[in-house]
Amino acid sequence: MDTTPRPLPDLVAAAQRQAEDSGFVWSCIPEVGRLLTVAAAAKPAGVIAESGTGVGVGAAWLHAGLGTDARLVTVEQDPDRAARAAALFDGDPRVRILVGDWRLLEAHAPFDVFFCDGGGKREDPERVVDLLAPGGLLVLDDFTPPLSWPPRLNGELDELRMFYLGHPKLSATEVMTTPDSTAIIATRLAS
Ligand SMILES: C[S@@+](CC[C@H](N)C(=O)[O-])C[C@H]1O[C@@H](n2cnc3c(N)ncnc32)[C@H](O)[C@@H]1O
């Protein structure tokens, strides 16, 4: 549940209906979505990217902050999901939905905002960092609040979280999105 009573942007509401209709349960939550809108709005002429479109909920949140001179490119490996998402943005020349592996995004880098949510985050985190423009913002959701430092996952050192939080090319922090979930927000350092 969104913790604020604010209404959803129209496209987000439409994307959420698609998710419900198609039984897709992995869309980002509104608390993350509002962060995505803020991040996109911070880069009014930027290249805004997403890996893992799903049926378009995260993309709709990014779109809510998309400047007139910005571009949104998102990739989804499942053609049916990609088609549902594409229908939402039909007619907006700023938006491209790619169908295939997340690495298709590379042709559109560097990114001013990258919501890495389906492909990349775990398989090739170093490449994820490399795809960011200087000053570019990276958003990663679906972490659980750390109970200790260094963070542990199932008793083991949470190396993925440590990678992003400690990467020398990033200034990164972790924010609570709900009492049970966190997101990492990082900026690619200029040098
Ligand atoms: C968590 S869901 C994405 C939700 C979406 N970002 C949102 O917030 O509404 C992850 C999606 O990534 C897609 N995916 C997983 N691995 C991928 C890959 N290697 N390349 C492209 N898409 C991938 C899955 O098919 C799934 O639809």
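The cut-offs used throughout are under 20% relative accessible area for buried, over 50% for exposed, and partly exposed in between (1.4 Å probe, protein chains only). The model on your screen is predicted, so local features need pLDDT of at least 70 and side-chain atom pairs count only at pLDDT 80 or more, while totals for chains, interfaces and linings use all residues. Residues are numbered from 1 along each chain as its sequence is written, and side-chain values use heavy atoms, with hydrogens and water left out.

**Stop 1**

Strands (E, at least two residues) and helices (H or I, at least four) are DSSP runs, numbered from the N terminus. Asp-142 is not a glycine, yet its phi is positive, at about 70°.

Now select Asn-154, in the loop that runs between strand 6 and strand 7 (156-157). Asn-154 is not a glycine either, and here too phi is positive, at about 50°. Is Asn-154 buried or exposed? With 75% relative accessibility, Asn-154 counts as exposed.

**Stop 2: two cis peptide bonds**

Select Trp-149 and Pro-150 together. The peptide bond joining Trp-149 and Pro-150 is cis, with omega at about 0°. Pro-150 sits in the loop between strand 5 and strand 6 (152-153).

Next, select Ala-109 and Pro-110. Another cis peptide bond joins Ala-109 to Pro-110, and its omega is about 5°. To place Pro-110, find the loop between strand 3 and strand 4.

**Stop 3: His-108**

Select His-108, in the loop between strand 3 (95-99) and strand 4 (111-116). His-108 has 15% relative accessibility and so counts as buried. Which residues are in contact with His-108, apart from its neighbours within four places in sequence? They are Val-47, Arg-71, Val-73, Arg-96 and Leu-98. Contact here means heavy atoms within 4.5 Å.

**Stop 4: Thr-53**

Select Thr-53, in the loop that links strand 1 (47-51) and helix 3. Thr-53 has a relative accessible area of 4% and is therefore buried. Show the side chains of Thr-74, Val-75, Glu-76, Ala-85 and Ile-97: these are in contact with Thr-53, once neighbours within four places in sequence are set aside.

Then draw a distance from Thr-53 to Ala-42. Along the chain the two are eleven residues apart, and their C-alpha atoms are separated by 21 Å.

**Stop 5: Asp-90**

Select Asp-90, in the loop between helix 4 (79-88) and strand 3. With a relative accessible area of 69%, Asp-90 is exposed.

**Stop 6: an aromatic pair**

Aromatic rings of Phe, Tyr and Trp (its six-membered ring) pair if their centres lie within 6.5 Å; planes under 30 degrees apart count as stacked, over 60 as edge-to-face and the rest as tilted. By this rule there are three aromatic pairs. One of them is Phe-163 with Tyr-164: the ring centres are 5.1 Å apart and the planes stand at 90°, so this pair is edge-to-face. Colour the two by accessibility. Phe-163, at 22% relative accessible area, is partly exposed, whereas Tyr-164, at 0%, is buried.

**Stop 7: the pockets**

A pocket is an open set of points on a 1 Å grid over the protein atoms alone, where a 1.4 Å probe fits, with protein on both sides within 12 Å along at least five of seven lines; lining residues have an atom within 4 Å of a point. Points are joined across faces, edges and corners, and volume is the space filled by probe spheres set on them.

Select Phe-24, Trp-26, Gly-52, Asp-117 and Gly-118: of the 33 residues lining the largest pocket, these lie nearest its centre. Helix 3 (57-64), strand 2 (71-76), strand 5 (132-143), strand 8 (170-178) and strand 9 (181-188) each give two or more residues to this lining. The volume of the largest pocket is about 520 Å³.

For the second largest pocket, with about 160 Å³ of space, select its lining residues, among them Gln-16, Ala-19, Glu-20, Cys-28 and Val-57. Helix 1 (residues 10-22) supplies the largest share of that lining, three residues. Phe-24 and Trp-26, already selected, also line the second largest pocket.
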